[in-house]
Amino acid sequence: MFENMNPDLMLKMKKYGYLAFWVLMLPLVPFSALVGVGSGTQDYWAWFMYIFIFGIIPVLDYLVGKDPSNPNEEVQVPTMSEEIFYRVSAIVMGLVWIGVLFYAGYIFMHNDYGLLGKIGWIVSIGTVGGIIAINLGHELIHKDPKIENWMGGLLLSTVTYAGFKVEHVRGHHVHVSTPDDASSSRYNQSLYDFLPKAFVRNFKNAWKLEKQYLERKGKKNLSIYNELIWWYSISALFAVAFGALWGWQGVVFFLGQSFFAALALEIINYIEHYGLHRRVNDKGRFERVTPAHSWNSNFLLTNLALFQLQRHSDHHAYAKRRYQVLRHYEESPQLPAGYATMYVLALIPPLWKKVMNPRVEAYYEGEMDQLFRDSKRVNNIA
C-alpha cells in the first residue's frame with residue numbers, strides 16, 4: 001500500500017505515526033473491558049487484545065506492506081537523532097502504560113470475570129505490556145541520559161523484568177548469535193526448548209554481570225550500588241500497591257501480567273536471531289557483530305507499533321542508534337512477515353521450522369558446519 005510512497009514523505013508521516021498507532025490502539029483496552037459487560041460475554045472479550053494483536057494485526061500488516069523509507073545518513077540522521085519530540089514521545093508512552101496498568105488492575109477486580117476471563121485479561125494486558133513496557137524499556141536502557149535510562153528501568157520494573165536492563169546490554173549485545181547467549185535461539189531449536197533456558201540463564205546472568213561490574217568498581221554486590229536490587233524493589237512496591245488496592249488478587253494480576261509480558265519478550269528474542277551464528281575466524285574468535293546477525297523485518301505497521309524494533313539488524317550493529325533513525329538493510333537476513341505473524345508461527349514448531357529452516361540454510365550455504373557447532377564454545381570476541 002505504501003511501498004511506492006516518497007521516502008521523505010514517509011519519514012514525516014512516521015514521526016507522528018508511532019504515537020498515532022497507540023492513540024488508536026489503546027482505546028481497545030477499555031473497549032474490550034466494557035463491551036461484554038451485561039451480555040454475559042465478558043470472559044470472551046477479555047481475550048480481545050491478544051487476539052487482535054496476533055490475529056488482526058498480521059492481516060493488516062500484510063495489507064499495509066513494507067516501509068520504503070531509510071533516513072539519509074549525512075543529512076537526516078543527525079537532525080532526527082536530536083529531535084526532542086521522539087524522546088518525549090517514548091517517555092510519554094511509558095507513563096501512559098503505567099496508567100493503563102492500574103486501570104487494567106481495576107477492571108480485573110471489578111468486571112464479573114470467571115476464571116477464563118481473568119486468565120484472558122492477564123494474558124491480554126501482559127501482551128500489551130510486553131509491546132509497550134518492555135519494548136520502550138529496551139529502547140531507553142540503551143540511552144545515556146539518566147532520565148531515559150532510568151525510565152527504561154522503571155518500565156521494566158512494571159513487568160518485574162529488571163534483569164533485562166543489565167543482561168541485555170552487557171550480556172546479549174556482547175554474545176549475540178553465539179552459544180554463550182541464552183537469548184539467541186539455535187538452528188532447529190523449538191520455542192518450547194528455548195524459553196525455559198532463556199528465562200533461567202538470563203536471570204542468573206544479570207546478577208552475575210552486575211556483581212562483576214561492582215567488583216571492578218570496588219563496591220560490594222549486596223549494597224545500594226546494585227541497580228538490580230533497586231529495580232526489583234520498585235517491582236515489589238508495585239506489587240504492594242496492587243495488593244493494597246485490590247488484595248491478593250491484585251498481586252496475582254500484577255505478577256501474571258508481568259509473566260506474559262516477559263514471555264512476549266522472550267518469544268520475540270527467539271524470532272530475532274533464530275539459527276544465526278557469528279562465524280569463527282582463523283584466530284578462533286567470533287567475528288564482530290554486523291547487520292547479518294539479526295533477522296530484519298520491514299513491515300510498516302508493526303514497525304510503528306514496536307518503535308522500529310524490527311529493524312533489529314541496525315540496532316545490533318549500532319546499539320545506541322535511536323529508534324527513529326534505524327535503517328533497513330536489504331542484504332540482512334529477512335523475515336517473511338512482521339513480528340506479530342512470526343510470533344504465531346513460533347508457537348507451532350513444525351510450521352516455524354518449515355518456514356524458517358530453509359532461510360537459515362540458504363544463509364549458510366556452503367558452510368553448513370556453522371549450524372552444528374554449539375558444542376564448540378568460543379569465549380573470545382574479535
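Which residues do ring pairs link into a cluster? I looked this up in a predicted model. The cluster takes in F102, F108, F238, F242, W246, F253 and F254.

**Entry: the F102–F238 pair.** I checked this ring pair within the cluster. The F102 and F238 rings are tilted, with 6.2 Å centre to centre and 40° between the planes. F102 sits in helix α6 (residues 84–110) and F238 in helix α11, so the pair ties together parts 136 residues apart in sequence. I noted F102 as partly exposed, at 24% relative accessibility. F238 is buried, at 11%.

**Entry: helix α11.** I then followed α11, which covers residues 227–272. Its 46 residues would reach 68 Å as a straight helix, but the end C-alpha atoms are only 27 Å apart. I found a kink of about 140° centred on W246. W246 is also one of the residues in the ring cluster. At the start of α11, I saw a side-chain oxygen of N226 within 2.9 Å of the backbone nitrogen of L228.

**Entry: cores.** The largest nonpolar core holds 93 residues. F253 and I271 are among those with the most contacts inside it. Helix α11 gives this core its largest share, 14 residues. I listed contacts of I271 beyond four places in sequence; they include W295, L335, Y339 and W352. A second, separate core has seven residues, including V166, L209, L228 and Y232.

**Entry: ring count.** I counted 31 aromatic pairs. In one, F85 and Y86 have ring centres 6.0 Å apart and planes at 80°, so the pair is edge-to-face. F85 is partly exposed, with a relative accessible area of 26%. Y86 is buried, at 3%.

Methods
Residues numbered from 1 in each chain as written. Predicted model: local features only at pLDDT ≥ 70, side-chain atom pairs only at ≥ 80, totals over all residues. Heavy atoms only, no water. Helix = DSSP H or I, 4+ residues; strand = E, 2+ residues; numbered from the N terminus. Expected span 1.5 Å × (residues − 1). Bend = angle between axes of the 7 residues up to and from the residue. Polar contact = N/O pair within 3.5 Å; in protein donor to acceptor, adjacent residues only side chain to side chain. Core = buried A, V, L, I, M, F, W, Y, C linked by side-chain atoms within 4.5 Å. Buried < 20%, exposed > 50% of the residue type's maximum accessible area, 1.4 Å probe, protein only. Contact = heavy atoms within 4.5 Å. Phe/Tyr/Trp six-rings, centres within 6.5 Å; stacked < 30°, edge-to-face > 60°.
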